[in-house]
Amino acid sequence: MEISVRSLRKEFDRTPALNGVSLDIQSGELIALLGPSGSGKTTLLRLIAGLEFPTAGSIFFGDEDASHKSVQDRHVGFVFQHYALFKHMSVLDNIGFGLKVRPRGQRPSDAEVRKRAGDLLDLVQLPGLGNRFPHQLSGGQRQRVALARALAIQPQVLLLDEPFGALDAKVRKELRRWLRELHDRTGHTTVFVTHDQEEAMEMSDRVVVMSQGRIEQVGTPDEIYDQPASPFVYAFIGDSSELSVRVDRGAVYLEDAALALVAPDLPDGPARLFLRPHDLTITDDPAGAIAGRVAGVRRQAGARVVELEVGAKGERIEVALPETERGMENGTHMVRPRKWQLYPAA
Amino acid sequence: MEREGIVRALPIADPASAADRSLAADPARKPRSRSTWHAPTTERPFAKWLLIGVALAFLAVFLVMPLVVVFVEALRAGLGDYLDAITDPDALAAIRLTLLISVIAVPANLVFGLAAAWSIAKFEFKGKSFLITLIDLPFSVSPVIAGLVFVLLFGAQGSLGPWLSGHGIKIIFAVPGMVLATIFVTFPFVARELIPLMQEQGAGDEEAAISLGASGFKTFWLVTLPNVRWALLYGVLLCNARAMGEFGAVSVVSGHIRGVTDTMPLHVEILYNEYSYSAAFAVASILALLALLTLGLKSLLEWRNAEHLRSTRGH
């Protein structure tokens with residue numbers, strides 16, 4: 001089922017939470033809505049589900065305008081951030097809930113409901129836990145039950161709100177891989193919300209980066225990482241440093257020193273230079289290099305990160321060096337970027 | 001006394017005693033090791049027993065003794081007189097009327113309370129905090145005033161009185177007025193039990209239910225109601241206890257027509273004013289028994305509720 005979101009706007013008490021968002025989601029795709037809190041990603045997900053209604057704009061499910069359909073009529077599987085499992089029902093009753101509340105006539109028999117719930121329990125790899133109650137399950141198990149419950153109504157679209165937000169790091173990693181495999185097997189169109197870029201990059205076919213109620217960029221993880229469309233995306237995805245520079249006829253100047261960078265497409269005037277710690281190399285050649293005084297050294301898992309203070313304004317950039325590199329604790333060093341990104345200063 | 005405590009505790013707590021011995025070699029650190037033996041929130045025994053004693057004495061004088069007196073006075077003239085007093089037609093009429101008022105007022109407040117709590121907990125609207133304050137009004141206003149309000153509204157001199165009497169509807173000095181006054185006074189019980197719980201639970205479970213295709217009614221019946229059932233029962237119980245025991249508001253609107261508009265609390269007062277002490281206490285003892293029954297049920301519910309809370313919140 002394709003989903004098409006067209007110029008969607010949502011205001012809460014006159015404050016816009018979504019500001020003219022358009023997005024096409026392909027059938028069978030696993031897509032992540034990524035952004036900091038307050039970026040409107042959860043609002044967009046809830047609008048697609050029908051848990052909120054748009055102030056303006058429309059949502060299409062296939063060729064059908066679903067903007068004013070109730071959540072019950074949209075047949076979406078929604079997994080809530082805190083799972084919202086029904087505390088007073090067993091796991092099997094939770095999973096079978098969506099089938100049991102169907103109007104008489106469309107409702108399968110009790111035996112059929114139990115059988116389907118049992119099958120789903122096998123699918124989410126929790127066989128034999130059907131008679132437990134939610135409070136007797138671990139966080140990861142609850143998450144899977146919530147997923148099984150959402151799948152029970154055979155939705156064409158699966159929507160997940162921060163699906164791994166409440167889990168500890170190790171379980172989260174396992175569940176990510178598991179959910180990706182489940183998606184590949186069942187082929188649901190899946191949209192999930194996350195503020196964790198690693199999660200978004202690792203799991204999804206495409207990532208939608210959002211900020212302040214707008215979409216900043218939509219693309220594959222490679223596109224997002226290699227060709228960030230805006231300073232926001234660059235800074236939000238991965239580690240990055242920023243320097244204020246000036247562009248003059250295609251040449252880039254840091255204060256008065258020309259850098260060995262070219263910016264043929266940029267207008268003259270102030271600009272923002274973005275660098276990633278892993279794309280910088282230490283050099284001895286001062287021509288066109290960025291020079292900085294060491295302000296601190298940090299040890300990370302596979303690298304030693306040196307913080308350099310650059311220029312009179314004291315802007316700081318981070319340089320990732322191999323962990324074997326020592327003796328960088330003080331003094332002045334020069335770095336040369338292998339990759340960079342320039343944006344005109346707003 | 002503290003020292004004694006330490007010495008006695010030593011042989012039991014083995015690793016700690018070893019630590020204590022090693023620390024004994026270092027006199028400078030000894031005071032710190034002693035402080036670990038003394039829980040910071042534990043009072044000295046003297047203070048502890050003093051507080052417990054005061055609380056128990058207070059309970060005995062103000063709660064237990066009056067309760068005992070009620071039963072002793074009721075049975076003073078013998079069991080036969082006691083039974084006569086409570087099977088007196090007027091007493092029976094009072095019991096019937098009390099039960100009738102409760103049977104109407106409690107379900108009414110069950111519905112009102114649920115509706116109020118639902119609207120406060122699940123929706124955002126202007127004037128919400130004012131509504132919450134308003135729900136508490138019956139608690140803060142004197143019941144006599146509550147009764148007077150209804151007299152002023154529906155009485156012969158009241159604003160709606162002439163119209164009502166013109167249509168042959170009698171509210172004041174009749175059962176409808178007493179029911180209204182009781183509903184007013186007991187309104188907050190159910191609502192106040194439910195509001196904090198429903199606010200805490202939020203609308204997440206309901207959203208899950210409707211996203212799975214459940215209709216509004218099924219969501220309420222299968223999800224919302226089970227989530228608040230213990231608090232609801234608890235509120236109903238308290239509401240019922242107050243509905244049966246209410247005196248002030250009901251007294252103002254009742255008119256004290258014996259056998260017709262007398263509830264149990266009003267009947268007790270009438271008997272008492274007529275110097276029929278044992279009859280008064282006999283009827284009072286039934287009220288007291290009902291109160292004890294309510295307390296028992298309430299404890300049972302709290303116990304069940306605690307189980308339920310533990311089961312739903314434990315991880």
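Let me start with residues 92-118 of chain B: the span is 100% helix and 0% strand, and its end C-alpha atoms lie 39 Å apart. Helices here are DSSP runs of H or I of at least four residues, strands are runs of E of at least two, and both are numbered from the N terminus.

Before I go on, this is a predicted model, where local features need pLDDT of at least 70 and side-chain atom pairs count only at pLDDT 80 or more, while totals for chains, interfaces and linings use all residues. Residues are numbered from 1 along each chain as its sequence is written, chains are lettered from A and ligands numbered from 1 in the order in which they are written, and side-chain values use heavy atoms, with hydrogens and water left out.

An unreviewed UniProt entry lists residues 49-72, 92-118, 130-156, 168-191 and 277-301 under "transmembrane region". UniProt positions are in the numbering used here, feature names are shortened, and annotations may be inferred rather than shown by experiment. Residues 277-301 of chain B are 100% helix and 0% strand, with end C-alpha atoms 35 Å apart. The unreviewed entry also gives residues 95-298 of chain B as "domain: ABC transmembrane type-1". In the model, that span is 79% helix and 0% strand, and its end C-alpha atoms lie 22 Å apart.

One residue to look at in chain B is Thr182(B), in helix 11 (residues 175-201). Thr182(B) counts as buried because its relative accessibility is 0%; buried means under 20% relative accessible area, exposed over 50%, and partly exposed in between, with a 1.4 Å probe and protein chains only. Leaving aside neighbours within four places in sequence, Thr182(B) is in contact (heavy atoms within 4.5 Å) with Ile101(B), Ala105(B), Ala243(B) and Val250(B).

Now chain A. It has 9 helices and 20 strands, and its C-alpha atoms fill a box of roughly 80 × 45 × 35 Å along the principal axes. Of its 346 residues, 51% count as buried. Among contacts in chain A with a separation of 6 or more, 64% come from residues 24 or more positions apart.

Next, the cores. A nonpolar core is a set of buried Ala, Val, Leu, Ile, Met, Phe, Trp, Tyr and Cys residues joined through side-chain atoms within 4.5 Å. The largest has 41 residues, and Ile95(A), Leu147(A), Leu179(A) and Ile237(A) have the most contacts inside it. Helix 5 (residues 139-151) of chain A supplies the largest share of this core, 6 residues. Apart from it lies another core, of 39 residues, including Ala49(A), Ala66(A), Phe78(A) and Ala209(B).

Ile95(A), beyond its neighbours within four places in sequence, is in contact with residues including Ala117(A), Leu120(A), Val145(A) and Arg149(A).

Finally, a residue in a loop. Ala229(A) sits between helix 8 (221-226) and helix 9 (231-236) of chain A. Is Ala229(A) buried or partly exposed? Its relative accessibility is 47%, so Ala229(A) counts as partly exposed.
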